[in-house]
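Here's a quick walk through some helix packing and a pocket. Have a look at the model first, then read on.

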Amino acid sequence: MKKKTIALTMTAILTAMSLAGCGGQKTEAPAATDAATSAAETTAAGNQEGADRTGEKAATDAARKPAEEMTAAILAEGSGNIAVTYVKSPLNVPSIVEKDQGIFAKKFGELGYGVIYSELTTGPEQTQALASGDIQFLYAVGATSVILAASNEADIKIISTYSRSPEAFKLFGKDDSIQSPEDLRGKKVAGPKGTILHELLVAYLAGAGMTEEDIEFMSMGIPDSQAALAGGSVDAALLAGPVAYNMEKDGFPVITDGTGLTEATIVVAASGAYIEEHPREVKTFLEAQKAVLDAIDGDLEKAMEATAKETELTVEAVREMYPMYDFDMTIRDSDIEAMKKTEAFMKDNGMIENDVDIEALVWRAE
């Protein structure tokens, strides 16, 4: 009788899945349905008639929900959610495609988890949320931010690479008067502090023996930096992604991009404690990240269209920008060397106080 009850419940779920298909994004695991709870109680009581009614009710209720949501409702009881960051800028095609196709939801749903997204985009906010346990995976965080957190003794590990895109990070001028680092002396420059863009600026100045002390640096996010440059309240601004693309199309001159100044390494990170306590979840995340890249390669046009819609760019603009990015998730030896240079650079320029062992910062699967 018990086996029959379980079979009826599973039949109801499968019926729901066949009716609902695979549509709908999943951002949070719903609580277990009354039907699923009732089925469990009926099984315990051994009441076959009640089980039959419960199985029918589960099938009826499930038909009204996407299969993905129904599966999570049954599986996620007691498992909770996996929280990941969702960062679109500069042109994070994998993040956009992942959310659009619900790849994390599908993969983690198999483990009984729901998936929720956090739109924290600044490095300090992201690493603080990771440290507090509010977020499990930083899916696209600048290596500079991770190094800064590690220097401050945060429990953080890099588990894969997200992207490399030095050409996508740019320093713009308000006119053609700035042709060299020396032309920036005493000028107002806006940009996000402690980021890859900030590293680009300091490296550019260092090429002429200058430091940040030789300019008036104004710390602000990319949208505010764009507005300040467009409004003429600053002489130069650090911009990336669609914002940089649009400013360049509007005629604002590019002083320099990150080529030769920074590798612009973006990584994926988790806390050391979480990795140790949840190896299965970390493995699942990496499998899902690979599945996202496979989805992009399998239908690039679909990925371009989803990215254009999310960023409010044209498909043609996305196609033009996409070659600037290398989204290979493998942590290469060149990535390690680039991060070692970044760590030394940050130390030399007073951006961090304590040394960071980059080799120890990188987690390797056994």
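Which residues in helix 5 meet which residues in helix 14? Before the reply, two notes: this is a predicted model, where local features need pLDDT of at least 70, side-chain atom pairs count only at pLDDT 80 or more, and totals for chains, interfaces and linings use all residues. Residues are numbered from 1 along each chain as its sequence is written, and side-chain values use heavy atoms, leaving out hydrogens and water.

On the helix 5 side you'll find Val93, Ile96, Val97, Asp100 and Gln101, and they meet Lys302, Ala303, Met304, Ala306, Thr307, Glu310 and Thr311 in helix 14. (Contact means heavy atoms within 4.5 Å; helices are DSSP runs of H or I with at least four residues, strands are E runs of at least two, both numbered from the N terminus.) By class, that contact has six nonpolar, three polar and three charged residues. Here, Ala, Val, Leu, Ile, Met, Phe, Trp, Tyr, Cys and Pro count as nonpolar, Asp, Glu, Lys and Arg as charged, and the others, Gly among them, as polar.

Axes are lines fitted to C-alpha atoms, for helices over the stretch in contact, and angles run from 0 to 180 degrees between N-to-C directions.

| Helix pair | Axes | Angle |
|---|---|---|
| Helix 5 (93–101) and helix 14 (300–311) | 9 Å apart | about 95° |
| Helix 5 and helix 13 (279–298) | within 9 Å | roughly 95° |
| Helix 8 (143–151) and helix 16 (333–348) | within 10 Å | roughly 60° |

Angles of 65 to 115 degrees count as roughly perpendicular, under 35 as roughly parallel, over 145 as roughly antiparallel and the rest as oblique. Helix 5 and helix 13 are therefore roughly perpendicular.

Helix 8 and helix 16 are oblique to each other. Ala143, Thr144, Ile147 and Leu148 of helix 8 touch Met339, Thr342, Glu343 and Met346 of helix 16, giving five nonpolar, two polar and one charged.

Now the lining of the largest pocket: helix 8 turns up here too, supplying at least two residues, as do helix 7 (123–132), strand 3 (138–142), helix 9 (196–206), helix 10 (222–231) and helix 11 (241–249). By class, the lining has 16 nonpolar, 13 polar and three charged residues.
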